[in-house]
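Please take me through this structure one selection at a time. For each stop, say what to select and what is there.

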Amino acid sequence: MVTMAPTFKSIQKISEVEDISYAIQQVFQSSQTSIATHRKQIVILKHIQVRAHELNLESWFNVTFCKLVNKVLVVKRTESVADRVIKLIAGFVLSVSDVLKESQTEDENANKELEVVFEEFIDHLVRHLMKGIDAKDKNVRYRVCQLLGLLMRSLNSIDENLFELISDCMYQKLFDKEPTVRLQAVHAVACFQADENDSDENLEEGHLNTATERLVFVIQNDSNSEVRRAALLNLEKTPETFLYLLERARDVNPVNRRLVYSRIMKEIGDFRILEYSVREALLTYGLHDRDDSVQKACVQMLSYQWLDTLNGDILELIERLHVTESEIAEHAIKVVLTTRPEYITKMKMNIQVLESLTAESAFLFKVYFTYINEQNMIDKLEELPESLTFSRVLSKYFSARLKIMERFNANTTEEQAIVDLKEMNFVIDKLLEVSTDYDFSDEIGRRSLLQLLRSTLSSHNLQESSIKLVMRTLSKLSVNERDFCQMVAEIIDDLTSTDTHQKTVAENENNQEDSKDASGDSFVSAVSDVEDEDIDPETTATKTKERETHTVASEVMLYALQIAQGTLMVTHSNLNENISLMSLIDSLIHPAIKQSENVIRNLGLSCLGLCCLLDKQLAIDSLFLFGLCVTQGVDSIKLTGLKAIFDILSTHGISILDTDGGIDSLSIAKLFYKSLKDFKRPELQAISGEGLFKLFLADIVTDDDLFETILLTYFNPSINENETLKQCISFGIPVYAYSSTVHQQRISRVVADTLKRTMKLSDELEDKSKAISLNTILQQLIHWTDPRNVVGISEEEISTSGTHAEFVSQLVQAMESMTESKTFVKSCVLALPKLHLTDTKEVALLKQAAQNLREIVLTVEGEGLYKMDIPTVNAINKFYSFVDSLQDEKGEEEEQVIENQDFQSNVE
């Protein structure tokens, strides 16, 4: 028997079964030290196999090999020695597979016998491993999946039946309870994506093969981030899988999100093959990600990979971002300029560039100006055209827009005119955005632009976004705010009076022909009007105002309201000190609210809300109107009215409530309650939730019942259908709770009612699976009210906080009303040890809670409702012991105080 390490010469001398076993064992032993010798060991192992075939002992070789493999399967995954042996096995199978491939390309009969030997070995090894695929030992399942994954990468061909057996088993292991096993199964399944057995017809239709579908399922549903990551990296990069890959930009794990930008996008290659909406979402998620590493990866992708793909052409990049529709494009280009400042150095925005702007170049000019202005780059700012030149450039584009408008009005269906008008509006908006921060220290340039914007506002029908930008610029160019408001009032008066005059002239011309024939009727009508005026002058005045209102066209009134809205948004002075704005309320805003068209009425309400922010008395007088809009208006009116109420309360506080002629606080609370519980109108519900949290965080509203409504809404399963509201409340409650112990006490005071009403709501649900468990609700409430979570709180404040003492009292109150429910009582009792009860100020409250809890226990035991289990009894006894210890400490402190007082009296 050979007892030395096998060599090529010693292998040829092998003649016994024991020699073959010993030689294989020596190879496995040597492979554990280092992978550097694996190539040599694989060659030796192959020679041993050939020698075994010559001795007709190939079956013994296979059995011995598999027995040694068994030794590796039970080793934990943290052992690197086992990984080296597995790499040896995979390398040996790869060498065998290469031999089979070479024999197929050469003479088929040359090595027919060895080919059969190798195929039998592979078949025997794979089938042997399949026996451990469902083993109880997680290490065995892990090693089996690991080996099968490596074997599938090594094999060039495999029997079809064997392949189906492996694939079916690996698909099952994707659902293994151990994440490590699922991870190796993902690596194995990834090898099946190139399966030629899948029908080409399905693939041509854009369908995914079975393996790819399973990996997509893992990416979207597996709970372990490493398993999802493995599926993400191993999924084929094809147009059919792009969306599944890129949606991982919203993965909960930051590493997975970062890989989308740093690796997946590189493997995809040219970003231009992605749709615009996908690129937009990808940049939005990446640049706004809360993790810095993800943001950096997205910035690198945008600034280098994408820009290099376009050969450094930043204008083409802007074009690819669809800047006229994009919301992230401006931030994205700012990031590019910050990351690659050489583009700033090369750019020169002279008069020639400004006179030939497109949507893309106008956008770049705006971002460029914002960047150099924020960075205070004096040299670059001085290179810009003078203010007078800039004013002339803007005038040129306003004139060009007029020509496009004439063409558009002549044929509203002309597609080119629509596109040109949209692009020109975008260019003008970007220039106006620049004008708000442009240097107008030159008085001639300032006056030139002021006159241009004033005349443009009067004669051009600008879009709403342009109007707001014009108003911002005019407010900065004006001498003071009063002069600015007076100028705007004159513009609005000119618009309305001109339209009224034109209509009056047209009506007079139409009525001149009928004046003679209807002279008698006219006389009678005139007399009637005079009589009516004598009888009821108020009615006559109302009719006259209605006639005057109707003489203003809807388009003109809408345009005037947009100007007024833009003015009010940049005005900060008190309304009583501004006669020009006061005149707009009576002449424009109130008539607009009385209009039957919802668009005009809605805009009028918005303007009135802005006016209320500038005058407290007007806010008091208008609250009833806004409340009426919320309760009786259409959806758009409801939204505007509710926003106005929240803005008014945020500005003036609750001092405007419960006043003479105003609305009482109870009515407002009911209004908020109804809007927050209105699940049929999710947008109204979301605005109500957001507005309430702003008021609560500012301590403007401190109503416990109203906050209880917020908690009930949060624990209501219906909130899952309103993502905006869910996100708002999920963010708002923790921020509110952790900002102050006073806020935590408010939450503690409503615990009992919240629990009872939530359980009642759960019982009424048709689908019980949607209900939130009581334990989950209790854990959430305990965490919110834990004084240790308050930001900036000291240890002394934590020790004296009575938040959780109040929480205990509320829990016991809830148990008193639901004593018959064993599940409810048990959950509440088991929550007691989780509370942070270290204070000594609320001993009386805790003592009363303990006494009430004893009565509940006596009631349960006396009436024989149910039997409390051991954990529940232990939790109750632990709470009793804690309260008793607090009483002892309190008694000792009182005795010490009495002794000190007696000592002082004796001394005296």
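Contact here means heavy atoms within 4.5 Å. The model on screen is predicted.

**The whole chain**

Begin with everything selected. The chain has 46 helices and zero strands. Of its 908 residues, 47% are buried. Among contacts with a separation of 6 or more, 70% join residues 24 or more positions apart.

**Arg-228**

Select Arg-228, which is part of helix H12, residues 225-234. Is Arg-228 buried or exposed? Its relative accessible area is 7%, and buried means under 20%, so Arg-228 is buried. Now show what surrounds the residue. Leaving out residues up to four places away in sequence, Arg-228 touches Val-218, Ile-219, Asp-222 and Ser-223, and also Arg-248, Asp-251, Val-252, Asn-253 and Asn-256.

**Lys-380**

With a relative accessible area of 10%, Lys-380 is buried. Which residues does Lys-380 touch, not counting those up to four places away in sequence? They are Ile-344, Thr-345, Met-347, Tyr-368 and Ile-372.

**The cysteines**

Select the cysteine sulfurs. A disulfide is a covalent bond between the sulfur atoms of two cysteines. Searching the whole structure turns up zero disulfides. Cys-612 is in no disulfide: the nearest cysteine sulfur belongs to Cys-611 and is 7.0 Å away. A disulfide would need the two sulfur atoms within 2.5 Å. Cys-612 is buried, at a relative accessible area of 0%. Select Cys-191 as well; this residue is partly exposed, with a relative accessible area of 24%.

**Helices H33 and H34**

Two packed helices are described by the angle between their axes and the distance between the axes. Select residues 616-632, helix H33, together with residues 635-652, helix H34. How do H33 and H34 pack? Their axes are 8 Å apart, at an angle of about 150 degrees. Angles over 145 degrees count as roughly antiparallel, so H33 is roughly antiparallel to H34. The crossing of H33 past H34 is left-handed.

To see the contact, show these side by side:

- From H33: Lys-616, Ala-619, Leu-623, Phe-626, Gly-627, Cys-629, Val-630, Thr-631 and Gln-632.
- From H34: Ile-637, Lys-638, Gly-641, Leu-642, Ala-644, Ile-645, Ile-648 and His-652.

Colour the residues of the contact between H33 and H34 by class, and they divide into ten nonpolar, five polar and two charged.

**Helices H38 and H39**

Move on to helix H38, residues 723-738, and helix H39, residues 741-749. Here the axes are 6 Å apart and the angle is about 120 degrees. Tyr-736, Ala-737 and Tyr-738 of H38 meet His-743, Gln-744, Arg-746 and Ile-747 of H39. The contact of H38 with H39 has four nonpolar, two polar and one charged residues.

**Ala-752**

For the last stop, select Ala-752 in helix H40, residues 751-764. Ala-752 counts as buried, at 2% relative accessibility. Which residues is Ala-752 in contact with, leaving aside neighbours within four places in sequence? They are Gln-810, Gln-813 and Ala-814. Draw a distance from the C-alpha atom of Ala-752 to that of Gln-810: the separation is 4.9 Å, although the two residues are 58 residues apart along the chain.

Technical notes:
Residues numbered from 1 in each chain as written. Predicted model: local features only at pLDDT ≥ 70, side-chain atom pairs only at ≥ 80, totals over all residues. Heavy atoms only, no water. Buried < 20%, exposed > 50% of the residue type's maximum accessible area, 1.4 Å probe, protein only. Axes fitted to C-alpha atoms, helices over the stretch in contact; angles between N-to-C directions. Helix = DSSP H or I, 4+ residues; strand = E, 2+ residues; numbered from the N terminus. Parallel < 35°, antiparallel > 145°, perpendicular 65-115°, else oblique. Left-handed = near helix turned anticlockwise from the far one by under 90°. Nonpolar A, V, L, I, M, F, W, Y, C, P; charged D, E, K, R; others polar.
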